[in-house]
Amino acid sequence: MKQIAVFLAEGFEEIEGLTVTDLLRRAGVTVTNVSVTGEKTVHGSHGIGVEADALFEEMEFEGMDMLVLPGGMPGTKHLKEHRDLCALLKDFMQKSVIWQQSVQRLLYLENWDFWKEEKHAVIRAWSQDFLTQRQMKSR
């Protein structure tokens, strides 16, 4: 059975974190909501408190098939500031795929050192194309 970790930081986008969890669990996938705050209760960007399944420090990530990073501010910023998560992502990217929820986060992640690898050129090209289209529509 597939195993997925969804990382929750203070200020995460509730729809992006909880919808992924809900839909995948309904499909029979094992999903673990992981708090990176050191506390089980994490508040989303709209003040909704969510109880995570586990704390980052308690988790064993070997065998995970996917890591999900919900967007939202300041949640995305807090994910980037979590050194152990960044190390995990760097290691995970060597052997698997990370699923991002929004173009904003894609662009934000581009600034992380490990994200600049050639392996992710397609995602960077897609996000740039999206921004170009958005800029053209706003003219």
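**Overall fold, a cis peptide bond and an aromatic cluster**

In the protein chain, 67% of the contacts with a separation of 6 or more are accounted for by residues 24 or more positions apart. The structure described here is a predicted model. The protein chain contains 5 helices and 7 strands. Along the sequence, these elements follow the pattern β-α-β-β-β-β-β-α-α-β-α-α.

The protein chain has 139 residues, of which 45% count as buried. Its accessible surface comes to about 8,000 Å². Carbon and sulfur atoms contribute 52% of that surface.

One feature of the backbone concerns a proline. The peptide bond that runs from methionine 73 to proline 74 is cis, and its omega is near 10°. In general, most peptide bonds are trans. Proline 74 is located in the loop that connects β6, residues 66–69, with α2, residues 75–81.

Aromatic side chains were examined next. The count of aromatic pairs comes to 3. One of them joins phenylalanine 7 and phenylalanine 56, with 6.1 Å from centre to centre and 45° between the planes, and this pair is tilted. Distant parts of the chain are linked by the pair: phenylalanine 7 belongs to strand β1, residues 3–8, whereas phenylalanine 56 lies in the loop between β5, residues 54–55, and β6, and the two are 49 residues apart. Phenylalanine 7 and phenylalanine 56 are both buried.

Phenylalanine 7 also forms an aromatic pair with phenylalanine 61. This pair is tilted as well, with 5.6 Å centre to centre and 40° between the planes. Here too the pair links distant parts of the chain, 54 residues apart, with phenylalanine 7 in strand β1 and phenylalanine 61 in the loop between β5 and β6.

Phenylalanine 7 counts as buried because its relative accessible area is 0%, and the cut-off for buried is under 20%. Phenylalanine 61 has a relative accessible area of 11% and is therefore buried by that rule. Taken together, ring pairs link Phe7, Phe56 and Phe61 into a cluster.

Definitions and conventions:
Residues are numbered from 1 along each chain as its sequence is written. This is a predicted model: local features need pLDDT of at least 70, side-chain atom pairs count only at pLDDT 80 or more; totals for chains, interfaces and linings use all residues. Side-chain values use heavy atoms; hydrogens and water are left out. Helices (H or I, at least four residues) and strands (E, at least two) are DSSP runs, numbered from the N terminus. Buried means under 20% relative accessible area, exposed over 50%, partly exposed in between (1.4 Å probe, protein chains only). Contact means heavy atoms within 4.5 Å. Accessible areas come from the Shrake-Rupley method with a 1.4 Å probe; for residues, only the protein chains shown count as cover. Rings of Phe, Tyr and Trp (its six-membered ring) pair if their centres lie within 6.5 Å; planes under 30 degrees apart count as stacked, over 60 as edge-to-face and the rest as tilted.
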